[in-house]
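User: I'd like to go through the cavities, pockets and ligand site of this model. Can we start with the cavities?

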Amino acid sequence: MNYTEKYRPQFHYTPEKNWMNDPNGMAYYEGEYHLFYQYTPFSNQPNFEKMHWGHAVSSDLVHWEELPPALSPGEDGAIFSGSAVVDKQNTSGFFDEEGSGLVAIYTNNGNTATPDKPQVQSIAYSKDKGRTWTKYLGNPVLFPDTTLDFRDPKVFWHVETSKWIMSLAVNDRVEFYTSPNLKEWMFASDFGEDVIGTHRGIYECPDLFSMDVDGDPNKKKWVLILSVGDCNGVNPNDPEPPAGGSGMMYFVGTFDGRTFTPDKPIHSIHDLKWIDFGSDFYAAVTWDNTTEIDGRRLWIGWMNNWRYADLLPTNKWRGSTSIPRELKLKTYQEGIRLVQEPVEELSGIRSPLATLENVTITPDTNPLTDITVDKAELIADFEIGTATEFGFKVRTSADEETIIGYNIAMKKLFVDRTNSGKTDFHPDFAAKHEAPLEPDDNRVRLLIYVDWSTIEVFGGDGTAVISDTIFPTPGSDGLNLYTVGGNVKLVSLQINELQSIWLPNDKVKENIHAHQDRLV
Ligand code: FRU
């Protein structure tokens, strides 16, 4: 495999060709991480009448093998977003007495059998590790009374009530359903209709899961994730996500098997909690069956924004995933927050380039002049000094730069992609995106991932995350440290080049074995 086309991400999954959007049906099963995704196999534009589930597998979350599309549309309509679960106890009856298998739960869009109900939920099962799928003859398993927007089922096994729970996006709310067998679903409750400030776009791709707070198994909370579209909501005056267009928010609360109750009512838009402050992180949902294996709650998002999704300046393929991330709940002064960290497996593709320690950075000096890199991991710890702003400029050349900076007075982390390269395909693309970030004991920690067309910045513990696409010219590979108005102390910096994940097969196997050895 030789994925070296202009802008092709080197350590993010992209399909070899054509359109992708939301990640779907992620599940860990018998040594493989599955990634399905919204896929139009014959065009680099989305076709909502012909959407498939594309498919890739990985044994380390880093190197991916693309497989043929898993689910294709037919009389039942297009295959929209949804989830997959490992049916360990054969509750569905699809598998042998002692066996288990994968069940996909997805939306059919435009089912010809139900013309007055264009979006219904269906299921399919696989007995061969996701390679082939059989659609259930009793489909659809759930259909709406009235609404047009009734989609994106995300299902998990609720141990306390021994039931499957489905979270479903229903225009301006999330509906929860329960089932003993994945085939029969009962309405339980809904959430969101009256939640202030969340209705500029319609709700999409919900996810509900529990997590330990501060790593303490005796302190559990439930998290409800929501993607909110760019338009068609019931209140167009509600706020846009921080970077505009489509975006993601979350709520922390309790769930009793039927009802989700947020800990804090949303009295105003200032109570909303955004997941990512960049423009390009959407429709992220979590993997099924990873917490059972190693305790981690993992997810991946689509690095794009419905505002300009179909205009991205690539041709062969269009759309990319984010890097996989681990989620945690941590307590801060202001309450419990969801934090994101890159998965540790990414350390397997590091090639160390340079380290610096205890260097004072002054305006007009750049200690990194000798370094060029176009796909990298930067791990930096700064101590605030007299500067008003400091940070990195990445993917630079005479005409291009993407700035990743921290504004001390405003206490804001930012990514400025105004001059990042090709930006003219949409008027909103060239912009600066900001995330609030409190210094920790006068220190600012940044973890940055730069690829051929993506930037992901994790500030602090992963409370301030900015994910943005960029389209720099291939030779723009300079790297700068900068300050404005005074000095900053660089306590430590590691620069790692990241290897392409699209290596020849033998090299991939070597890396995966090295990873598995580390886990033993
Ligand atoms: C979110 C979304 C989902 C839908 C899918 C269609 O990006 O609009 O609500 O199922 O994309 O591809």
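Predicted model: local features only at pLDDT ≥ 70, side-chain atom pairs only at ≥ 80, totals over all residues.

User: Which residues line the largest cavity?

Analyst: The list runs Tyr7, Pro9, Met303, Leu312, Thr314, Trp317, Gly319, Ser320, Ser453, Thr454, Thr469 and Phe471.

User: What volume does the largest cavity have?

Analyst: About 70 Å³.

User: Where does the largest cavity lie, relative to domain 1 and domain 2?

Analyst: Between them, because domain 1 (24-342) and domain 2 (348-498) both give residues to its lining.

User: How many cavities of 30 Å³ or more are there?

Analyst: The count comes to 7.

User: Switching to the ligand. Which residues are around it?

Analyst: The shell is Asn21, Asp22, Gln38, Phe48, Met51, Phe80, Ser81, Arg151, Asp152, Glu204, Tyr282 and Trp306. Ser81 and Asp152 are in this shell, and Ser81 and Asp152 also line the second largest cavity.

User: Now distances. How far is a polar side-chain atom of Asp152 from an oxygen atom of the ligand?

Analyst: 2.6 Å. For Arg151, an N or O atom in the side chain is 2.7 Å from a ligand oxygen. For Asn21, a polar side-chain atom lies 3.0 Å from an oxygen atom of the ligand.

User: How much of the ligand's exposed area does the protein bury?

Analyst: 97% of it. Taken alone, the ligand exposes 320 Å².

User: On to pockets. How much space lies in the largest one?

Analyst: About 1100 Å³.

User: Which lining residues are closest to the centre of the largest pocket?

Analyst: Tyr250, Lys273, Tyr332, Glu334 and Arg337, out of 39 lining residues.

User: Which elements give two or more residues to the lining of the largest pocket?

Analyst: β15 (247-255), β21 (335-342) and β28 (443-450). The largest share, 5 residues, comes from β21.

User: Which domains does the lining of the largest pocket draw at least three residues from?

Analyst: Domain 1 (24-342) and domain 2 (348-498), at least three from each.

User: What volume does the second largest pocket have?

Analyst: About 820 Å³. It is lined by 38 residues, and the closest to its centre are Phe209, Ser210, Thr291, Glu292 and Arg297.

User: Which elements give two or more residues to the lining of the second largest pocket?

Analyst: β9, β13 (201-213), β14 (216-232), α1 (291-294) and β20 (325-332). β13 gives the most, with 6 residues.

User: What about classes in the second largest pocket?

Analyst: Its lining has 13 nonpolar, 10 polar and 15 charged residues.

User: Last topic, the backbone. Which residues does a cis peptide bond join?

Analyst: Asn139 and Pro140, with omega about -5°. Pro140 is in the loop between β8 (134-135) and β9.

User: Which residue other than glycine has a positive phi?

Analyst: Ser162 is one, with phi near 50°. Ser162 sits in the loop between β9 and β10 (163-170).

User: Why flag those two features?

Analyst: Because most residues other than glycine have a negative phi, and most peptide bonds are trans.

Definitions and conventions. Residues numbered from 1 in each chain as written. Heavy atoms only, no water. Near = heavy atom within 4 Å. Polar contact = N/O pair within 3.5 Å; in protein donor to acceptor, adjacent residues only side chain to side chain. Areas by Shrake-Rupley, 256 points an atom, 1.4 Å probe, with all protein chains shown as cover. 1 Å grid on protein atoms, 1.4 Å probe; cavity = no way out; pocket = protein on both sides within 12 Å on 5 of 7 lines; lining within 4 Å. Points joined across faces, edges and corners; volume = space filled by probe spheres on them. Helix = DSSP H or I, 4+ residues; strand = E, 2+ residues; numbered from the N terminus. Domains from an automatic or database assignment. Nonpolar A, V, L, I, M, F, W, Y, C, P; charged D, E, K, R; others polar.
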